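Please read the points alongside the model.

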Protein chains: 2
Amino acid sequence: MRELFELRGREPELLFSPYCWRVRLALAHKGLDFVGRPLRFTDKAELAFSGQQLVPVLRDGETVVHDSLAILRYLDERYPERPLIGDELAASRLLLIERFAQFSLPLALLRLLVLRIHASLDPVDQAYFRQSREQRFGMSLEEFADAGAGREQFEQALKPLEALLARQPWLDGAAPGGADFLIGGFFFWAWCLGEQPWAEDSAVGVWFRRLLAGYEAHKGPVYRAVRP
Amino acid sequence: MRELFELRGREPELLFSPYCWRVRLALAHKGLDFVGRPLRFTDKAELAFSGQQLVPVLRDGETVVHDSLAILRYLDERYPERPLIGDELAASRLLLIERFAQFSLPLALLRLLVLRIHASLDPVDQAYFRQSREQRFGMSLEEFADAGAGREQFEQALKPLEALLARQPWLDGAAPGGADFLIGGFFFWAWCLGEQPWAEDSAVGVWFRRLLAGYEAHKGPVYRAVRP
């Protein structure tokens, strides 16, 4: 049995962690079945078997792997069909792309999404989320949140993606690959929480629809929080 | 004969175009000899043979190629040893890296460098540079210049590079490749103009020294404008 331990909101169907989405997208891409094990932030004890406390964790028979990039690497080693990472040079460039994305996309999105995340959590998670994030930000969630500034910053961060996707269908070229799933996870984060801070008819918007359709063809409709 | 048409300052030895440096670094990496043809901004007529007006232009026997990325691709096709680009997947990822770099590094550097560039040009180029840039920026060079803000923005933009170079010697992994030269060009731009807006002992600083040493081993010392 293959199990993906991931983050859930109030409803167990509401999956929004961008790093967990990377793994869902990669598993669907390879056509690998799995059972989702949605956990709350405060269900960390259930991850003790993995020797650490963060989702995503993949348990594949006897093998346990955590960290989204490590899971993608594991999947390529164990299931080489439809590779995600590529050769050594492609792998190094994927790491750099991941770093560029990590330093530009999530902070912008978080300013847009943070209150929506809080509102979508199980009540038992809300106090944990508020306390841990307010400590990290050094201010209250309400002070940190700035949907307008987040949108604007995200729009800036989309420019390199928009420029590339205007000339090719996938970030990884003619077919989807690791770069599409690593970056796509951030888009599913916003999407599942009921936001879409990109234009439907932009190159990025068309790419996201393609990514969503590919995933849904394998796994069925994605559960999306209703916009309040 | 192999000739590289590139941009020069007041002194013909002062080469500072980041896009021309990409090609110099790539040629040195492949161990290919060439003659530099340094041009002023206002020497555009000398590029007429290339059918367009921008440096870098490489003339390699009968072949003429312009645009830094196109020149790197040409070099790999014609001289496959020590490849720059890699396979199709690696090539697509290099394009995305180039876009991420292009949208984060040069604008920050330009705010830091613009007055230094102006001061380093041949007098016949200064009026052209001022007029064309002031039209692009919608303000005077002096209003656009902001060394402090440029440094700060550049420091932010270095973070993904710093994170990767803390774990591997080159952006392209164990050996230098296209990503190192495409991004390295921006560092030579600042360096040749007498600036170094990165810490000498940072991972990025160590990487730049390595890049510089590799280049100078082939081509001799890089001419650097004296700091005013």
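1. In this predicted model, the side chains of A:R93 and B:D172 meet in a salt bridge, with N to O at 2.7 Å. A salt bridge here is a side-chain nitrogen of Lys or Arg within 4 Å of a carboxyl oxygen of Asp or Glu. The rule finds two salt bridges across the interface of chain A and chain B.

2. On the side of chain A that touches chain B, the elements giving two or more residues are α3 (88-120), α6 (147-165) and α7 (178-192) of chain A. Of these, α3(A) gives the most, with 15 residues. Helices are DSSP runs (H or I, at least four residues), numbered from the N terminus. By class, this side of chain A has 20 nonpolar, six polar and eight charged residues; Ala, Val, Leu, Ile, Met, Phe, Trp, Tyr, Cys and Pro count as nonpolar, Asp, Glu, Lys and Arg as charged, and the others, Gly among them, as polar.

3. Contact (heavy atoms within 4.5 Å) joins 34 residues of chain A to 34 residues of chain B. The area buried between the two chains is about 2,600 Å², with carbon and sulfur atoms giving 71%; buried area is the accessible area (1.4 Å probe) that two parts lose on being put together, summed over both. A:R93, A:L96 and A:F100 supply 29% of the area that chain A buries against chain B, more than any other three residues.

4. Chain A is itself divided into domain 1 (2-78) and domain 2 (88-213), with bounds from an automatic or database domain assignment. The domain centres, taken over C-alpha atoms, are 18 Å apart. Within chain A, 20 residues of domain 1 are in contact with 26 residues of domain 2.

5. The area buried between these domains of chain A is about 2,200 Å², of which carbon and sulfur atoms give 69%. A:R10, A:R22 and A:F41 supply 29% of the area that domain 1 buries against domain 2, more than any other three residues.

6. A:R22 also forms a salt bridge with A:E98, the closest N and O atoms being 3.1 Å apart. Three salt bridges are found across this domain interface of chain A.

7. On conventions, residues are numbered from 1 along each chain as its sequence is written, and chains are lettered from A and ligands numbered from 1 in the order in which they are written. Local features need pLDDT of at least 70 and side-chain atom pairs count only at pLDDT 80 or more, whereas totals for chains, interfaces and linings use all residues; side-chain values use heavy atoms, with hydrogens and water left out.
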